[in-house]
Amino acid sequence: MNPLPKPHSPAIHQRQFHWYLGGLGTWWISVGLQMVLVPFLVANVLGESPERLGIAQMAMVSPALFFMLLAGTLADKIDPRIVLLRIHVLALIPSLGMAALVATGHVTFYAVLVYAFMMGSLGSFHLPSREAQLNTVVSRDQLQKAVSITTAVQFLSQVFGFVLSGMASLIGTFFLFAFQGLVMILGTWASWRVSPVEKKIPDDLASVWTRLREGFSVVRRYPAMRTATLLSFMTGFLFMSTLLVTVPLINRDIYQGDSTSLAQLMVGFFGGLIFASIVLGWVREIVHVGRPLAIFLALGACILMLGTMAVPFWVFFLIVFCWGSCTGVFFTLGRAIMQQSGPESHRARAISIFQLGLMGGGPPVGSLMMGFLAGIMGPVQVIYVAGLGMLAVVLVALIAGIWKLDMGE
């Protein structure tokens, strides 16, 4: 008979990592669903203006401004498993609530705003806790490979959510919101199977504000972390806001698309992210990280501006895919930088600051700005704002010395 694996053995780590991926995957299926359902309900079903679409998308990403840094502090302070279990359970409320509103025909713009804000708030607590938990289920020598795997699983799950939400025009949104509730139940079970860990910081060691300041201090101290975080804010402001607001408007106004075509464009962008993470998983460890960061952000900006041309839908899909691939290089390398740099005691807080830039620092203001600019200039012309803006950011970063940045620092 085979002996039982010892605690902390590779077999235990592998099993724990599998349950970790299960919880990760279920959450991002839910994110994929809501990223299509919110703009589809606002733009296509309710027929709201570009400004109101920008407000709705802002409602989904703005909670990160208030909660993500607190969530990062919490993830360093207590067992992330506790946080993840609770947010999966709480996510049942907005999911099943929207299902009930759809079933009774009471969906309004303000109901969508409440749903978006609640799911965005819970997502703010999910990201730092999930990142902090990664260090407890894999060994440090496997961390960079694990980051590539989790990035691929995250986006594959999100793409699965996009594919399902693309059926909204055919099967209705009720079944999709109900399915989102079922996915949250499965995520609760997977998160429960991950072993608990002891608290990392006693309750009375420092105030929340002190711990937040310590997180910012660590990010400022390490050049690689500082650079990745600053670029994440600008990527969120210019690229993610374009994806959230401008792409759905182009789908509706230029291509007269529905939920299916919008889901296809989301699949294109995040499929590019998956492709980039898989390719980077096969590449040996990159030391001079500043070079690919600058190159692919600039390339992504140039590819994005190709979307201003009058092209068939399938060409626009390819443009979005290539743009997503370039963004995926930054996303994957940025996460690896934050995981591998700085002290472990402050890692969740540092990662929450990085994630804040991508999902909470830039997108709320950017989404609002893109919505109002699209109402004035038109959604196609707004692409120039994002593309030229990112090229200017990369130029400033090159002047500041990003080309010489390496992980050795």
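I count a charge as sitting over a ring if NZ of Lys or CZ of Arg is within 6 Å of the ring centre and within 35 degrees of the ring normal. By that rule, the charged end of R130 sits over the ring of Y20, 5.7 Å from its centre.

The model is predicted, so I took local features only at pLDDT of at least 70 and side-chain atom pairs only at pLDDT 80 or more, while totals for chains, interfaces and linings use all residues. Residues are numbered from 1 along each chain as its sequence is written, and side-chain values use heavy atoms, with hydrogens and water left out.

Next I searched the whole structure for aromatic pairs and found 12. Rings of Phe, Tyr and Trp (its six-membered ring) pair if their centres lie within 6.5 Å; planes under 30 degrees apart count as stacked, over 60 as edge-to-face and the rest as tilted. F269 and F270 have ring centres 5.2 Å apart and planes at 75 degrees, so I logged the pair as edge-to-face. The rings of F269 and W323 are also edge-to-face, because their planes are at 65 degrees, with centres 4.8 Å apart. This pair links distant parts of the chain, 54 residues apart: F269 is in helix α12 (residues 259-282) and W323 in helix α14 (residues 313-340). Helices are DSSP runs (H or I, at least four residues), numbered from the N terminus.

I checked burial (under 20% relative accessible area, 1.4 Å probe, protein chains only). F269 and F270 are both buried, and W323 is buried too. Ring pairs join F162, F239, F269, F270 and W323 into a cluster.

Notes
Buried < 20%, exposed > 50% of the residue type's maximum accessible area, 1.4 Å probe, protein only. Helix = DSSP H or I, 4+ residues; strand = E, 2+ residues; numbered from the N terminus.
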